Amino acid sequence: MQPRNMSMSGVVDLAAVKAAQEAKAKAEQTRAEAARQGGAGAVSPADLVIDVDEAGFERDVLQRSAEVPVVIDFWAEWCQPCKQLSPVLERLTVEYNGRVVLAKIDVDANQMLMQQFGVQGIPAVFAVVAGQALPLFQGAAGEQQIRETLDQLVQVAEQRFGLTGLTVDPDAEPGGAAPQEVPAGPHDALLEAAVQALDAGDLDGAVQAYRNVLSDDPGNMEAKLGLAQAELLQRVQGMDPQRVREEAAGKPGDVDAQIAAADLDLVGGHVDDAFGRLIDTVRRTVGDDRDAVRRRLLELFEVVGPEDPRVVGARRALARALF
């Protein structure tokens, strides 16, 4: 099964469609179930660094991320920078003693996972925390930078999701503790139906499925973000890209033209261009026009995900443009 929050990553970057509120609840359910069954037990140091493929991604990464942050190292045998980075990641993972797990994914053998995460080059390092994917860094990095990144990851995992990691026993047999199944939530069937509709191109069906969830649970963050994604794809479905871009280039003061072009930018994977276009438009506009652009920009933030560094930077830029 493919990771739900990555199902459209070939179109837009959905690194954080799994919202914190939903993910935290599922993580808590998983820990409670593990405790009820007597606990997950200790793992050996060898269990902290694992090779992962498409068939095992659901079990080894998504389910395990409800217990501990899973760092993903996308690598290939022919990649020289990977051969420098991977040993450092492996050594630090063992040193962190259960606070993180390292999942190594060979991109040559797992092209689908590479595409789902939107990997443009390797080495590329991501993390999955309580089912929520976060980009960490791309390219070779120094040990100090990696330590700082892992420290921040561990802090976020503990403070926002309550993940304290795994118990490591040097004498434990490798493979002794299997990840627990994540209990199904009350709206999982509807959410899965919405994702399947998205994957099948049934945008109307996806929108309706997400709205059905929100009618019962208005605070469901996964449904809110999924609805934002589906509505974005609906908006661009009938557009003529060339005409939209020509109008945007010829009419920099036309709010509707800029908003439409930003939608196309995002669907095409040009996240920074979409954000920059709307922030520039905010600077040039006032009143209702400015508010319309601001609202659309906030909607696009939801599609990309609140933890994405590009969203964090664009929020700061938007604040400067407004104030």
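**Helix packing, nonpolar cores and backbone exceptions**

In the predicted model, helix α8 passes helix α12 in a left-handed crossing. The two elements, α8 spanning residues 221–237 and α12 spanning residues 287–304, pack at an angle of about 115°, and their axes lie 8 Å apart. That angle makes α8 roughly perpendicular to α12, since angles of 65 to 115 degrees are assigned to this category. On the α8 side the contact is formed by K224, L225, A228, Q229, L232 and R235, which meet R296, E299, L300, E302 and V303 of α12. Sorted by class, the residues of this contact comprise five nonpolar, one polar and five charged.

The crossing of α10 past α11 is left-handed. Residues V255, Q258, I259, A261, A262, D265 and L266 of α10 meet V271, D273, A274, R277, L278, T281 and R284 of α11, and the residues of this contact divide into eight nonpolar, two polar and four charged.

In soluble globular proteins, nonpolar side chains tend to be buried together. The largest nonpolar core of the model contains 46 residues, of which Y210, L266, F275 and L300 touch the most other members. At least two residues of this core are supplied by each of α6 (188–199), α7 (203–216), α8, α9 (241–250), α10 (255–267), α11 (271–284), α12 and α13 (309–322), and the largest share, eight residues, comes from α10. L300, which takes part in the contact of α12 with α8, touches L232, R235, A262, D263, L266, A274, F275 and L278 when residues up to four places away in sequence are not counted. A second, separate core consists of 23 residues, among them I72, W75, M114 and I122.

For the protein as a whole, 13 helices and five strands are assigned, and 50% of the 323 residues count as buried. Among contacts between residues at least 6 apart in sequence, 73% join residues at least 24 apart.

Most residues other than glycine have a negative phi, and most peptide bonds are trans. A cis peptide bond, with omega about 0°, joins I122 and P123; P123 is placed in the loop between α4 (111–116) and β4 (124–129), while I122 is included in the second core.

N97, with a phi of about 55°, lies in the loop between α3 (80–95) and β3 (101–106), whereas A130, with a phi of about 50°, is located in the loop between β4 and β5 (132–138).

Methods: Residues are numbered from 1 along each chain as its sequence is written. This is a predicted model: local features need pLDDT of at least 70, side-chain atom pairs count only at pLDDT 80 or more; totals for chains, interfaces and linings use all residues. Side-chain values use heavy atoms; hydrogens and water are left out. Axes are lines fitted to C-alpha atoms, for helices over the stretch in contact, and angles run from 0 to 180 degrees between N-to-C directions. Helices (H or I, at least four residues) and strands (E, at least two) are DSSP runs, numbered from the N terminus. Angles under 35 degrees count as roughly parallel, over 145 as roughly antiparallel, 65 to 115 as roughly perpendicular and the rest as oblique. A crossing is left-handed if the near helix is turned anticlockwise from the far one by less than a right angle, and right-handed if clockwise. Contact means heavy atoms within 4.5 Å. Ala, Val, Leu, Ile, Met, Phe, Trp, Tyr, Cys and Pro count as nonpolar, Asp, Glu, Lys and Arg as charged, and the others, Gly among them, as polar. A nonpolar core is a set of buried Ala, Val, Leu, Ile, Met, Phe, Trp, Tyr and Cys residues joined through side-chain atoms within 4.5 Å. Buried means under 20% relative accessible area, exposed over 50%, partly exposed in between (1.4 Å probe, protein chains only).
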